[in-house]
Amino acid sequence: QVQLVESGGGLVQAGGSLKLSCTASGTIFSFNTMGWYRQAPGKQRELVAVFTRNGMTNYADSVRGRFTISRDGAKNMYLQMNSLKPEDTAVYYCNVVGVVVRQGFGNYWGQGTQVTVSS
């Protein structure tokens, strides 16, 4: 079973920065989407930023201009978060919808990492 492992979360003051990392245990051969989502207490999980297979990068309106998604090869993905706001507080998840070598096509999720922004 493919594992996606997030790291880099923590507690930061408003206006600060964090960089999240996601590492896949398998090699991502291809993807439909690959990105980051978040879920705040009492709210539904929402898209933060994703790569699409046609080369586009999509951001939620609430983070555009502050967050940057990037990836490094076929196993690592990052989310640089700047100018953090208290409303960015949530559990952040990485996600891949695609084909992982020796695992096949799937909708893969990490376990999540907590980001807390204090005012």
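A: Let's start with a term: a salt bridge is a side-chain nitrogen of Lys or Arg within 4 Å of a carboxyl oxygen of Asp or Glu. Side chains of opposite charge can pair when their charged atoms come close. Keep in mind that this is a predicted model.

With that rule, look at Arg66 and Asp88: their side chains meet in a salt bridge, with N and O 2.8 Å apart. Where do the two sit along the chain? Arg66 is in the loop between strand E6 (57-59) and strand E7 (67-72), while Asp88 is in the loop between E8 and E9, so to speak a link between distant parts of the chain, 22 residues apart. Both Arg66 and Asp88 are buried.

Now stay with Asp88 and turn to another partner. Arg38 also forms a salt bridge with Asp88, and here the closest N and O atoms are 3.0 Å apart. Arg38 belongs to strand E4 (residues 28-39) and Asp88 to the loop between strand E8 (76-81) and E9, so this pair ties together parts that are 50 residues apart in sequence. Arg38 and Asp88 are both buried; for Arg38 the relative accessible area is 5%, and buried means under 20%.

Next, follow Arg38 to Glu46. The side chains of Arg38 and Glu46 meet in a salt bridge as well, at 2.7 Å from N to O. Glu46 has a relative accessibility of 36%, so Glu46 counts as partly exposed.

Cys22 lies in strand E3 (residues 18-24) and Cys94 in strand E9 (residues 90-100), so the pair ties together parts that are 72 residues apart in sequence. The torsion about the S-S bond of Cys22 and Cys94 is about 55°, and therefore the disulfide is right-handed. Are these cysteines buried or exposed? Cys22 is buried, at a relative accessible area of 3%, and Cys94 is buried too, with 0% relative accessibility.

Methods: Residues numbered from 1 in each chain as written. Predicted model: local features only at pLDDT ≥ 70, side-chain atom pairs only at ≥ 80, totals over all residues. Heavy atoms only, no water. Disulfide = S-S within 2.5 Å. Helix = DSSP H or I, 4+ residues; strand = E, 2+ residues; numbered from the N terminus. Buried < 20%, exposed > 50% of the residue type's maximum accessible area, 1.4 Å probe, protein only.
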